[in-house]
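Please look over the sequence and the model below before reading on. The paragraphs after them walk through a few selected features.

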Amino acid sequence: MTAVSDTPAPVPEPLGSADLAADLDAADLRSEPLRRLWGEEADDALARGMREPILRAIAGDSSVLATLGRLLVLGMPQPRAAVDDALPRLGVEGLIALGLATADAETVSPAALLRPQSFVDADGVGEWWIASDLDEVALDGALPADHVLGVGGASRTLAETIVPIEVDRALDLGTGCGIQALLVARRARTVVATDISARALAFAELNARLNGVTNIEFRLGSMFDPVEGEAFDLIVSNPPFVITPRVDGVPAYEYRDGGLVGDALVEQFVRTAPAFLTVGGIAQLLGNWESRAGVAGLARLDAWVPADLDLWVIEREQLSPLGYAELWIRDGGTTPRDREFTPLLTAWLDDFAAREVTSIGFGYVLIRRPSTGAGTEQADAAPIRRMEKLSQPVSNVGTALAIGLAAHDVLAEGVPATLVTASDVTEARHLLPGNDDPSVIELRQGSGFARTVNVDPALAAFVGACDGELTVGQIVAALADLFEVPLADLWSELEPRIRALVFDGLLVPGE
């Protein structure tokens, strides 16, 4: 991985953090007030890298919210007197002391962004202030190598996939600005947040203090080195998984590049994480994996995890080497019209060609150390080994994963005595014109992984009868009489498909 950065970073001084939080609260620097201030369309434009619509919307507005919006959300210099008025407790000098700004006699210039970030989890809706480095819009150019990213798309994706469970100890490896640690801290007694970047850890600690979160410990170091010999109930990571050529002239960004060749960083995490899990503990991460020399990326990933562990991988996207290279070159602020673009593209394509890479997958990885002791639910269960590709829109992924893990454990004892059709499941029947019997019957899941499952009339009838009143045995016996088939034969046919519907959450155990 890359070397530890010694670039100056925000200093999370306790009193200053509390004063800043009080000022931000008094100014109502929150997502919805800002959205009302400059309008929904302008707010959406900022997410696409355009701040001009916001500037037009608040032109001439010298209110506290507009001043802080320009300074902290957009990253624009503001008059010193206006900033002093907007931060009556902290003041300009306090903002400078926290490492968030520089100033002269007339002007305050931001050294970081500080934006409200809303979230929704199983415990409800909330919002935090998240400080991070100035982005491409504020810098008006490419990012520096030690850039600390704010809450981006990958951060939000990982947050949505975390299994919502209460734990004693959790680890956020590669915490960056600290967003995952903050989320996990809502359900963990203690959280350890690590990063190889001292600058990132400073931002993460500042963000924890700003938001009154006190159960996170911050440690500097690479990968699992800072937690050697410890074990955790939950490990989460949005590691620097981007595959970047290791050649001169190609910038390595700390927030995304792990400094290893190809997908070796993801491999190292996946191979190492199980040793740091408690019994029943879960590790989750986002990652990339390469398909090389005829070996599919998912097959390579499967080989990295011991066969006695649960492994559930969901590949959400697959890119060609060209598509991947263009995506991440642009992410660094370089476009095809820049003279640096073609040399970077050449370096990326040469790097992939050297390993015979044909495609790069992206997705979610979940590893669990099963409970295998005598008398436990998982004692006789074969480990989960699920490698799948899902391209459809998904929602509540963390909850869907939790349902699947719980169902796997229940199924270790056999199919539950009673089952109930999940409330989000609908049935669609397709008939040819003039036919009364459907040619295709589909069960459709409305949330989670939004699966569509083709079923035959017998399975459709079984699902339709699962209301919790009749037992599974009673339903199957009735269907055997209806279809005039031996009960044993029908059960042999239905049982594995019923198990699959339970694992996927279309059927849930009755009470």
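This is a predicted model: local features need pLDDT of at least 70, side-chain atom pairs count only at pLDDT 80 or more; totals for chains, interfaces and linings use all residues.

Residues are numbered from 1 along each chain as its sequence is written, and side-chain values use heavy atoms, with hydrogens and water left out.

The UniProt record, an unreviewed entry, places "domain: Methyltransferase small" at residues 154–244. UniProt positions are given in the numbering used here, feature names are shortened, and annotations may be inferred rather than shown by experiment. Over residues 154–244 the chain is 31% helix and 29% strand; helices (H or I, at least four residues) and strands (E, at least two) are DSSP runs, numbered from the N terminus. The end C-alpha atoms of this stretch are 17 Å apart.

Next come the aromatic side chains. A pair of aromatic rings is described by the distance of the centres and the angle of the planes. Rings of Phe, Tyr and Trp (its six-membered ring) pair if their centres lie within 6.5 Å; planes under 30 degrees apart count as stacked, over 60 as edge-to-face and the rest as tilted. The structure holds 7 aromatic pairs. One of them is W312 with F449, a tilted pair at 6.0 Å centre to centre and 55° between the planes. This pair links distant parts of the chain, 137 residues apart: W312 lies in strand β11 (residues 310–319), and F449 in the loop between β16 (440–445) and β17 (452–455). W312 counts as buried because its relative accessibility is 2%, where buried means under 20% relative accessible area, exposed over 50% and partly exposed in between (1.4 Å probe, protein chains only). F449 is also buried, at 4%.

Y324 and F352 form an edge-to-face pair, 5.8 Å centre to centre with 80° between the planes. Here the link runs from helix α14 (residues 321–331), which holds Y324, to helix α15 (residues 341–354), which holds F352, 28 residues apart. Y324 is buried, with a relative accessible area of 1%, and F352 is buried at 1%. Elsewhere, F224, F269 and F276 form one aromatic cluster.

The last feature is helix α19 (residues 487–503), which has 17 residues. Helix α19 bends by about 35° at L494, and the proline P496 follows within four residues; the bend is the angle between axes fitted to the seven residues ending at a residue and the seven starting there. The buried residues of α19 are L490, L494, I498, L501, V502 and F503. After α19 comes G505, with a positive phi near 85°.

Definitions and conventions: The expected span of a helix is 1.5 Å times one less than its number of residues.
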